Amino acid sequence: MTEDGTTSHAPAAVVLVRLLVGLVFLSEGIQKFLFPEALGVGRFTKIGIPAPAFFAPFVGVIEIGCGLLVVLGLVTRPAAVPLLIDIVVAIATTKIPMLITSGFWATAHEARTDYCMLLGLIFLLVIGGGRWSIDEWFWGGGASR
């Protein structure tokens, strides 16, 4: 990792994790605006998020913006932080209550994407954007291109 913490000399294959994580968040953020009753304000109201008219669009913008940054590999580590907060809140507000009411196996089935996103984000936070990222191009010093 460089002194500024923006990049690493991770393999080019990190792009696959970036695409997986970034495109899921980008898609979910867009859908909060396309389907507000099911996935935006209506969903936030249903699960008890305070001020859903504010937080649903706010989270949607975070998911779109940071998801796109992750896909591009631009400030990958800093972009992963708000998405980590997002997914931890999602797990706490939807999967933990489900675990209590529906049991382990139903929750394990419903939470598979959430846990993949959580682990993918932790991976990106540790590794960075990898060789095929804008981070590497700007701040990598050319050693791993």
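## Residue E28

E28 sits in helix 1, which spans residues 14-34. Helices here are DSSP runs (H or I, at least four residues), numbered from the N terminus. E28 is partly exposed because its relative accessibility is 32%, between the limits for buried (under 20%) and exposed (over 50%), with a 1.4 Å probe and protein chains only. E28 and I64 lie 36 residues apart along the chain, with 7.8 Å between their C-alpha atoms.

## Basis of the model

This is a predicted model, in which local features need pLDDT of at least 70 and side-chain atom pairs pLDDT 80 or more, while totals for chains, interfaces and linings use all residues. Residues are numbered from 1 along each chain as its sequence is written, and side-chain values use heavy atoms, without hydrogens or water.

## The helix pair

Two packed helices are described by the angle between their axes and the distance between the axes. Helix 1 packs against helix 7 at about 130°, and their axes are 10 Å apart. Axes are lines fitted to C-alpha atoms over the stretch in contact, and angles run from 0 to 180 degrees between N-to-C directions. The pair is therefore oblique, a class for angles that are not under 35 degrees (roughly parallel), over 145 (roughly antiparallel) or 65 to 115 (roughly perpendicular).

Definitions and conventions: Helix = DSSP H or I, 4+ residues; strand = E, 2+ residues; numbered from the N terminus.
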